[in-house]
Structures are given as structure tokens and as C-alpha cells.
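Me: I'm new to this one. Can we go through the aromatic rings and what sits around them?

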Amino acid sequence: MAQTHSVDSIDIIQENGEPIEIPDVLPLLPVRDVVVFTYMVLPLFVGRDKSIRAVDAAMARDRLLLLVTQSDVTAENPTPKEIYRVGTVAMIMRMFKLPDGRVKALVQGLGKARIIDYTETKPFYQVRIEQIPEQEVEKTSVEAEALMRNACEQTEKILDLRGELTGDVSAILSGIDEPGRLADLVASNLKLKVEQAQSLLEMNDPIQKLHQVNELLSKELEVSSIQAKIQSDAREEISKTQREYFLREQMRAIHKELGDFDEKVQEISEYTKKIKKAKMSKGAKKEAFKQLKRLEQMHPDAAEASIVRTYLDWLVEVPWSKSTKEVLDIKKAQQVLDEDHYDLQKVKDRILEYLSVRKLNKQMKGPILCFVGPPGVGKTSLGRSIARAMNRKFFRISLGGIRDEAEIRGHRRTYIGAMPGRIIYGLKQCGTNNPVFMMDEVDKIGADFRGDPSAALLEVLDPEQNVSFSDHYLNTPFDLSKVMFITTANLSDPIHPALKDRMETIELAGYTEEEKLAIAQQFLIPRQTKENGITSRHVRIGLKALRNIISQYTLEAGLRNLEREIGTICRKVARKVAEGEKGPFTITCANLHRYLGVPRYLPELDQESHEVGVATGLAWTQAGGEVLYVEASTMKGKGDLILTGQLGEVMQESAKAALTYARSNAKALGVSDNFYQDIDIHIHVPAGAIPKDGPSAGATMVTALASTLSGRPVNRDVAMTGEITLRGRILPVGGLKEKALAALRADVHNVIIPEKNKKDLSEIPSNIKRKLAFLPVSHVDEVLRIALKEKPVRKQGS
């Protein structure tokens, strides 16, 4: 319901010179957003069905109705409890219906009345009322005169500040000699809240009402004064801007008349618009206008002009305040991550935790994550999935082999061909200041006389410092705190220690054979068939054939070579389909060699029986876990220890520690104390072309040595890992999950592990733990008791 207030004052309408008689029962018209005072004239737009019926009833009788304000302005159909008790009796002066069904009525307030009770509620409200007469005030009251004069003066000042004061208004104000009537007139034209206006309406004492109106006028005068000052300042600023614009237009006309009007003026104007539109930081904006002023004073063909232009182009194109709207739907993010990657639950949980905290705390700084794992396990593709799950832009750079600090921080503008670093370049390419920014191969950064890029990354990857990252080229701070940085590495050891401390490292171990099978079926085969133009109707790869591809044609922790081999099969099938052959073509173990050739990797021959001097060890490689057979043999000699099989220094030391333990525990092994004086001991690790190193073969070496010296065979169904000391203690090692997978592939069901590695069993999938028995030990004696068979056999080769 809309209404327009009027400042006109109209006497109570009389008929035949007699005052209008107001009945005790009247139709009720609830109004909202306005309180109608006595003597007030205003138009009302009536749209509610009940209200229209009340107006019709009033027109059918004596044109009188009661106007009362709703206490709840939002109520569409107010109940009696949502309507104030005091209102104004009004007469409908004019009324006509609008084309849209609403009614427009011009009403005038006659006097105040209080609702006694509701006589009818349907089809419209009809109420019994009690008239509230205005208290009389002595005309000679000095207080009343002062209050009325003050109200008139303040009203005129307010209207003057608004530019609405006219002679008619002043005449109307000075012509009113009743305090209550003046209070109502002024109050009706003040922008009061409904509660304040209703409070004034309910006051019966004219002096009290004038006091209240004067207080409200004082506040309104103060607000109007400040508002007028603001408008005056704005007009002055506009005048100044118009003056500058006029002068610039004159300068442009002068340049045109002189014949030197060219593209320079237009170029400066465009740069000015771009700088304002870029919403830069305060420092950057100041530098931009400084360089723009220099460009304006240069000759267009000056050598430095092109340098300044390039710099300004970078400043206006860098996303200072442009961000991508994030999607913080946790369930949707989890769905996206599950669609793109199999397993990797630890990484997914960390991303979902970040999104959950981000949802609760919008000011949270972006995490610095470092994915460490072998090639092909999905580190880079995981970054893309994170960006897709968060609805952010994705940008990737490779840091492998970079040696110049300027690659990160940029070149200083004093150099020819200077450019910003890769960080600012990536943000410009994305066009937002909150992308997912991936830095691959952070463990392969070099360093030389040009600086250390790792040291430059310390500022980028530190949430406390990257709020004001300084690129040498821009030479002004840029806020990187909204960027989510993700780094990747194959190994964590080569990473600068201070840089590693700033990142949250998440290990991505190699995939098990079961995981590779699942990934190949869900992701790799569908992707390769699509890329090679065929469908599942053309090619079918059997489960056993897929296992053979994994074990005999690839040797990796990741999936790249597996996908290449599947791609090779799909290409050969695609050729057959293109030549007109009809499918489907089923790939089995029997015909696999026709597509991929002979197997490239044959697993080491498993032991078929319990042998003396041959122990089964477990090793970790970047391609996953491997079974390592350690052979020990004795021969006549002078006590020398021979080591072969390309053993590294650590493994050689493990062999010497194993021999020392055997010599100091000769009696327990059942040999003489001086057994080593007349024999040479040879320890060999097969696959001699492959370098080997690491401390975890110590337990395997001492077992092979103890077996060959005592003549007791080693249980072929036991594999082991663990570092040894001279006192025979077994120390913990790493890569337990990969080593357990290697044991499973070699059909070994018992795995000896160090006691302190029991905590790592939680990282091993439950399906693997069900197939293997893990035997924790803390001393070599326990290893020998488990690994060596009790029944001695005749020693061979001694």
C-alpha cells in the first residue's frame, strides 16, 4: 500500500454548518508503513480484499471509517492482535477503482478514537470505538507559545536545507494556533518510524506532544544539516571534475588545431580507465599513475616508452581483486574427487577438511600441500580434481631444472626484456587471485650463481609472508594468501629443509596390484577406448590378461606405463576395426603377446624348497616393493668376506655387521669360535646389474649367513625386513606397505617386521593383512627362531 503525505491543513468537513456526527461502530481499514494523524489528508491505495470491502461499506453509509496502523507491517492479513488499538477516524473524500482491481481513496483525518472491541471480523473488520478528545491548552501559556514557535522555526530550517521551503508553507505553519494541531501537522511530515508516530498519536497532552515533536525536529535538523553538507561537497567535487574535463577538452582541441593530435592522448585515456577498473592496491595504483605520467611526458617513439607500456599492461592485467566464486559443497566435492581418482582416501580427507573449515571460516588462509610419491600415481591430476571440486581455476608450472631465482621473483625492470616471475604470470593467465596453483617437481630445483629458487619459494609458500609477496618486476606487494598452492615431488629428501618445513607433506605410495586392476577397469580402459575411437563392444580385456599386463609388462608404482600398454592394445584393435574386421576382440593371457610382444619383466624365480644359505628379503624401490634373495656360501680360505651384486655402502656395512654378530654368537649357531679362520664367506644378491642399497637388508643377511654356517635351511614361506645392530637388535624401516605387496606377489605368507613397525600396519589395506601374517620381532634371535628350520641338513658348498 503506497501513500503520499500532504502538508496542507484542512478544517474538519461540515455538512449544513453542523459538525459531522461520528457513530460508535465503524468499518476498520488496517494500514501499514504510515500513521494517519488528525487533519491529515492523504491518498490510500487499497488492494486487500477485506480492506476493499471496508471501503465499500463506508461509501454505502456515511463515508466514515477508522484507520489504524498494523503493529506487524509484514502481515498480509493482520489479526486484531497485530493492529494497534488507537487510530484516526477519517472521511473518504474521493474514491475510484483502478483497472487492476485496487481502489484509490483520498481520506482526511477527523479525530482520534480507541477500539473498544471487534463487532465483526468477516467479510471485513467492524469495530466499536470510543472517541479521544484532544486536551485544551490555555492560549496565553508561555510554554505553549515557545514550543510552537520553536517547532515552526525548526521545520522551516529543515525545509530550507532540503530546498522545499515556500511562502505557502510558512503561512500555513504561522496560521495554526492550536499546539496539538501543529504537532500533528509537523509529525505527519517527518520521516518517522511507525512506532514513533504511533506513540505521538496516542499522546493526549498537546504540550507533551510538542515537546516530543521538538526533540524529533532537533534530530532531523542535525541529520539534514549533515546531509546538506555531504551534497554540497559532492557538488563541489562534481564541479571540479567538470572543470578538469572542460580543460582537457580544450587541450585536446588545441592539440588537434596544432596538428599533433595522435593516438597518444587516446592511449593515456585508455590506460587511465584500465587502472581505475583494475581495483589495484593503494601502492600499486600510486605506482601505476606515476608511470603513466612518465609515459605521457615521453616521446611515443622513445625506447623507454615501450618498457613503461609493457609494465602498465602487466599492472592492469594482473587480477588484484578478481576472485572466482568458490563452491563449498562438501558432498559435491567428495563426489568429484571420487569420480576422478580411486582410493587416495588420505588426500581426499585432507581436501574435504580444508573445504569444511573454509566453509565455516571465510578468512582462512590457503594451505600449502606437498604431494610426495613415485611418478604416475596421480599427483598432478589430483590437483586438477581439487580445482574442479572447488570451482577454482587451475594453473600448473614445472620447477624441474630451474636455477634462476628470477623464475620465481621476476626480473628487475632495469634489465632488457625483463618480465614478472612465473607466479605473477600464472595468476595473469588464470585471471583470478584465488586459483589452485600447482608447482611440479619441487624436489628437482637447482641452484647456481644466479641464485637459489628454493629460497625464493620460501616467501611464496609461507602463509605469514605471502600476503605481501614482492615480485621484482612489479615492484609492489601482491596478496597471494587466497591462492591454494600445491607442490609435487618424487622424493622429499632433496627438498630444501626450510621449504619442506613450510609445507604439509602428504605421501602418495604406489598402487597395489588390486588397486591397479580397479583403476584400469574404471578409468584407464574407458579413457583409452574413447581416445582411440573404439568402444567396449570392440575390445574386451580379461581380468587375468590385465594382471599379466601389470606384472609382466610394467614395473612401476604408478600407472603411466600401464595406460600406455592398454593404449597399444586399443590402437591395434582400432586398426583391425578400420580394416573391416568384426569384433569383439577378446584379450586373454594366450593372445596377449600378439598385441604387446614378449613379456618385458619376469618375476624372480620363487624358491620351490627350503634351502640353506638363501633368505628372502624385502626391498623398497620407487617402482614399489621388490623381493630380494640374499645368498650366502662358504669355501676354504683365509677368513675373507666377499660381497657381490652391486651393493651400496650401507648394504656392505649391514653384511659386515651380520658377520660380526655371527662371530660373537658362534656358540649359539652351533659352530666353533674360530670358524672364520679357515673359510671365506661370500654374500651375493642376485640381479647384479641393478645397484642396491639400504639398511633394511640387515636381517636378511644375518639369516642367510646363520643358515649357511649352521646348515639349517631357511623357511621359504618367510620374508623379512629390518636393520640390525652389532648387539642383534632389529631397528625399524620404511616402505612397509610396498614390501608387504612384494611378499604377496611372491606367494610368501609370513613377513618378519621390526617390533617398532607395528604402528605402520594401520596403513596397510585390510585385504592384504588378511592374506599375510606379520611377525614383529625385536632381536635377531627371534628372527632366526622363526626363519630357520629345526632339522639340520648337510651343508652344501663348504
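Me: What lies over the face of Tyr-676?
Reply: Arg-663 does, at 3.7 Å from the ring centre. Keep in mind that this is a predicted model.

Me: And which residue has its charged end over the ring of Tyr-311?
Reply: That is Arg-413, with its charged end 3.8 Å from the centre of the Tyr-311 ring.

Me: On to ring pairs. How many aromatic pairs does the structure hold?
Reply: There are 7. One of them is formed by Trp-320 and Phe-478, whose centres are 5.1 Å apart with 55 degrees between the planes, a tilted pair.

Me: Where do those two sit in the chain?
Reply: Trp-320 is in the loop between α9 (303–317) and α10 (330–340), while Phe-478 belongs to strand β13 (residues 477–478). The two are 158 residues apart, and their pair links distant parts of the chain.

Me: Trp-320 and Phe-478, buried or exposed?
Reply: Both Trp-320 and Phe-478 are buried.

Me: Next, Phe-437 and Phe-485. Why is that pair tilted?
Reply: Because the planes of Phe-437 and Phe-485 are at 50 degrees, with the ring centres 5.6 Å apart.

Me: Which aromatic cluster are they in?
Reply: Phe-437 and Phe-485 form one cluster with Phe-395 and Tyr-425.

Methods. Residues numbered from 1 in each chain as written. Predicted model: local features only at pLDDT ≥ 70, side-chain atom pairs only at ≥ 80, totals over all residues. Heavy atoms only, no water. Phe/Tyr/Trp six-rings, centres within 6.5 Å; stacked < 30°, edge-to-face > 60°. Helix = DSSP H or I, 4+ residues; strand = E, 2+ residues; numbered from the N terminus. Buried < 20%, exposed > 50% of the residue type's maximum accessible area, 1.4 Å probe, protein only. Lys NZ or Arg CZ within 6 Å of the ring centre and 35° of its normal.
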